[in-house]
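User: I have a model open and would like to know what stands behind some of the terms used for it. Please take me through them.

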Amino acid sequence: MRVQTTSFTLRVQTTSFILTATMVNSITRFIRTLSIASILCCSLLTCPATTDDDPLYLYPEVFNDPERDAFLYGMFPEGFVWGTATSAYQIEGAWDEDGKGVHIWDTFCHEGGNVHENQTGDVACDSYHKYPTDIELMKDIGVHSYRFSISWTRLMPDGTTAYIEQRGIDYYNSLIDKLIDAGIVPMATLYHWDLPQALQDIGGWENEELVEHFNDYARLCYESFGDRVKNWITFNEPYVVTWLGYGTGVFAPGIADPGFAPYTTAHTIIKSHAKAYHTYVDEFKSTQNGQVSITLSCDWGEPGDPDNEEDVAAADRYMQFTMGWYAHPVFVNGDYPEVMKWQVANKSMEQGYNESRLPEFTEDEKAFIKGTGDFFALNQYTTSMVIDMYREDSPPHYELDQDVCRWQEDEWPTSGSDWLRPVPWGFRRIINWIKKEYGDLEVYVTENGVSTNDTDNLNDISRITFYAAYTNEMLKAILEDGVNVKGYFAWSLLDNFEWASGYSERFGLHYVDFENDERPRTPKDSSKFYSDLIENNGYQDTKRDAFLYDMFPEGFVWGTATSAYQIEGAWNEHGKGVHIWDTFCHEGGNVHENQTGDVACDSYHKYPTDIELMKDIGVHSYRFSISWARLMPYGTKAYVEQRGIDYYNYIINALLDAGIVPMATLYHWDLPQALQDIGGWENEELVEHFNDYARLCYESFGDRVKSWITFNEPYVVTWLGYGINVFAPGIYDPGFAPYRAAHTIILSHAKAYHTYVDEFKSTQNGQVSITLSCDWGEPEDPDNEEHVAAADRYMQFTMGWYAHPVFVNGDYPEVMKWQVANKSLEQGLDESRLPEFTEDEKAFIKGTGDFFALNQYTTTVVVDMYRNDTEPHYELDQDVHRWQEDEWPTSGSSWLRPVPWGFRRLINWIRKEYGELDVYVTENGVSTNDTDNLNDESRITFYKAYTNEMLKAILEDGVNVKGYFAWSLLDNFEWASGYNERFGLHYVDFENDARPRTPKESSKFYSNLIKNNGYIDPVTVPSQPITQAPASYANEKKSFSVAGYFILVFVNIYITTLWM
């Protein structure tokens, strides 16, 4: 924590934070969408946002620039570190217990007249004795890390190695061990302003002997704690130490020497930091593998007139004198900023000195100091306006050396500290300035918070507002500006001793009653806010992601799905022929740990068990695939295996007996090897062979099967199997084979469709279609026409490749034809690598789908990018660049990041592109790697979120989605990933020959969803198990609404006023 005092700061108010009428109105916009009952019952995290299109502003009266201040909904990167912070003297107490020596703040407080009401930190929060309670508070919040400081005099009472106090070491060992036991990562600060008085008595930081003393102390800490502490801060805010402690004298040690001492003390501190850094690197890093840096603080300096070059230069000069004073030596070149050196030298000359008051580093010292920070640690609270102003500084004065004038605007919000006015946009700007000045360093915000004077007010809305606004500006810096911010530590865990302000200013997430000897802690509302922010890891877009409580249409079909090779096993039983996945697995080197589907789930023998599982869930329909090689061992009608037909008849009959409607897929990637041996899907002879196979299935099962899928995900077959050889049949030909194979598959589908229509439909009354898959392609910038075109182009190359011929005009999308033809021409080819359909073929293909069958899992971000593909390549033909955002949730599959809103957008895109078709979602699900975890919360989260987006597409968008099939009934053989990725509603023990199945929690969730046919509003029927608010994708916890917090905080106070 730091305090700024300057006689040159203008127009400062000291009033407490006041909630204005405009702020209430802004909050009311959220509330008006709700009934009173729903407000009182709703979760903090699920209240909907405003229905207005206006952006949300957290300080609407003063900060309401749409481009600068509008609230950003988004998630922090996965692995973002959320923490909280304290310092030893501010919380520990026990000032003279267990051998602790006296430090400068003990002296400064005890001599009187220096601190508000002569208060001291003698007891403070009594955390020396109550640290286990503090750790429990941190566990309740859910922080990942805790930044604390070590008291030098608790380890070395006189600041030297003359005597080491083991009881002090024991205390911090106990603290560190308990933190680690609680799953909280310790970050230790070596120096947070509490210099041993014995060292101050020899000159303190003005005496360079302290370089060695500090190094001895740092070494002792590394030796004692470094096996567990991996993140070290040498000094906290040296600017405060040197200016307030040695310049103005308002902080310990109370020296007022504004023209010299700040520079000499800073010089010693920088050398001390560098020495301690090198000691760690040289003696400890190889075994402890930690990081060391220094925490720097600075107000953002905003030019009074951003178009005035002198003001811009003045603002930068201020930044260099404050932040650059320490950061430039450490992160740039080992020396002070050039502008600082020039200014102090010039001022010193004007004052008649022969040399600059700013000390110089030798060349060796510069080399030693440069690069002594493994990350950038930032403490940040507020902003100052800065203009250029020449200052005659006689006598010498650090602030006058800068030739600037600074102030804070009257209209900016206030706090409990006269120096701290919340200015969120300044936080974002300083984070960006750090990147510009010091490069793409990892940044940790090691302090950020706001004070109040209402010491016992638990309903601290001003602190919630501050945290929401500042963390949101940090989110913008990460997502929109690309700054590498890795973590954030809220100041502070507790109300504590606030230096010269004593206990009159409160920064804590927890109220501490300093009038009570027990120092009880009570959580404030801000602690609940921060806990949920951590749990969600960001801010969900409540307009886009708000959960919808409602019902699916009557007759909606709920099902589950599998495929033959993934579950059946019995790979060579009862006359089954060899197919390409048998070969691909058996040849080795293609699948995780050379696993195979030879046995898989053994559903060939255990299908009655599987049907019982489906009955238990209550599914209406089961989508399974038929193994071509089990019916036609060689893929042709030359030999038909009756035992294979009998097997599928058993399944179909058993399903119907159980009241479950069968949906059969003819081809789920398992081509008979004999057909691959004649070229596979690159050979158009397969059109007739597939038609013979389809006819056999219609004849054998069509009296009972009324829903047919010809091909499952032909994109996967053609690209992964024939393009990049990661799936069977393992062919690498990325520029030609995918297009040829797709051409054959489309013709095969059309032929099988017409065979059904011409020969079977009149008697069997079934439907036939093709299942297509596609990630949703989201333009990086939806307002950029090139990005929008690129995203659509990606969609046409993936989904449209098959859907456009089937559902539009019998031919490939125009953009795909143009792209491939143009690329082929650039590559010197005489004709396009994309085959052409004849006019008769187009007429034959068009309309060969009775419904739209969609498999969907994830989303990708797309931008326009010309790809110079000298070697033909299907993906480069698209001229796009794609990725998935780091902050999106992960799964057990590297390619699958859950993005529920992308699902809804894809469903809508299908209607826009292909018309008012019946849509069946024939696969949707998520994987995990924790293979035997039955409490699969991440899968429940996924199903809730995706099915709810589907519900919105039906009820709010009017898309005619008729059914949904969860992938998958069972953990199964996941192709090239083997058994390493699990999608099942049921756990299968593949180590047990009996392949026992065990329901996961997700199966119970899915059963309840089917039973209720939707999501019942918890206000209406709170007892229903399905009515819980859905988890979001921030650590797979609760959906987060900023609005919800303000509603709950204000509802008791303002409920009457708001509805007058």
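Predicted model: local features only at pLDDT ≥ 70, side-chain atom pairs only at ≥ 80, totals over all residues.

User: What makes the S3-S4-S5-S6-S7-S9-S12-S13 sheet a barrel?

Analyst: The eight strands run in that order and form a closed barrel, with parallel pairing. Neighbouring strands are turned by 25 degrees against each other on average, direction ignored. Helix H19 (residues 525–536) packs on this sheet and touches strand S3 (81–85) and strand S13 (485–491). The direction of H19 makes about 155 degrees with that of S3.

User: How do you know that S5 and S6 are paired?

Analyst: Two strands count as paired when there are at least two bridges between them. Strand S5 (residues 185–191) and strand S6 (residues 231–236) have four bridges, in the parallel sense, so they meet the definition. Thr-189 stands opposite Ile-233 in S6.

User: Why are S22 and S25 called edge strands?

Analyst: The open sheet has three strands in the order S22-S24-S25, with mixed pairing. Strand S22 (776–779) and S25 each have a single partner strand, so one side of each has no neighbour in the sheet. Neighbouring strands here are turned by 40 degrees against each other on average, direction ignored.

User: What joins S22 to S24, and which helices pack on this sheet?

Analyst: Pro-779 has Val-862 in S24 as its bridge partner. H31 packs on the sheet, touching S22, S24 and S25, and its direction makes about 125 degrees with that of S24. Helix H34 (residues 900–914) also packs there, touching S22 and S24, with a direction at about 100 degrees to that of S22.

User: What makes H10 and H12 a helix contact?

Analyst: Contact requires heavy atoms within 4.5 Å. On the H10 side the contact residues include Leu-210, Phe-214, Ala-218 and Tyr-222, and on the H12 side they include Lys-271, Lys-275, Tyr-277 and Glu-283. Helix H10 (residues 210–225) and helix H12 (residues 261–283) have axes 9 Å apart and pack at an angle of about 35 degrees. Their crossing is right-handed. The contact residues divide into eight nonpolar, four polar and five charged.

User: What is the make-up of the contact of H12 with H14?

Analyst: H12 and helix H14 (residues 309–333) pack at an angle of about 35 degrees, with axes 10 Å apart, and H12 passes H14 in a right-handed crossing. The residues from H12 are Pro-262, Tyr-263, Ala-266, Ile-270 and His-273, and those from H14 are Phe-321, Trp-325, Tyr-326, Pro-329 and Val-330. By class there are nine nonpolar, one polar and no charged residues.

User: How many residues line the second largest pocket, and what makes a residue part of the lining?

Analyst: A lining residue has an atom within 4 Å of a point of the pocket. The second largest pocket has 42 lining residues, and Tyr-715, Val-716, Leu-720, Asp-775 and Trp-895 lie nearest its centre. Its space comes to about 980 Å³. Helix H28 (714–722), helix H31 (785–809) and strand S25 (880–883) each supply at least two residues of the lining. The lining has 19 nonpolar, 15 polar and eight charged residues.

User: Which prolines follow a cis peptide bond, and where do they lie?

Analyst: The bond from Ala-252 to Pro-253 is cis, with omega near 10 degrees. Pro-253 sits in the loop between helix H11 (238–246) and H12. Ala-728 and Pro-729 are also joined by a cis peptide bond, with omega about 10 degrees. Pro-729 is in the loop between H28 and helix H29 (737–759).

User: What is noted about the phi of Glu-713?

Analyst: Glu-713 is not a glycine, yet its phi is positive, at about 50 degrees. Glu-713 lies in the loop between strand S20 (707–712) and H28.

Note on methods:
Residues numbered from 1 in each chain as written. Heavy atoms only, no water. 1 Å grid on protein atoms, 1.4 Å probe; cavity = no way out; pocket = protein on both sides within 12 Å on 5 of 7 lines; lining within 4 Å. Points joined across faces, edges and corners; volume = space filled by probe spheres on them. Nonpolar A, V, L, I, M, F, W, Y, C, P; charged D, E, K, R; others polar. Axes fitted to C-alpha atoms, helices over the stretch in contact; angles between N-to-C directions. Left-handed = near helix turned anticlockwise from the far one by under 90°.
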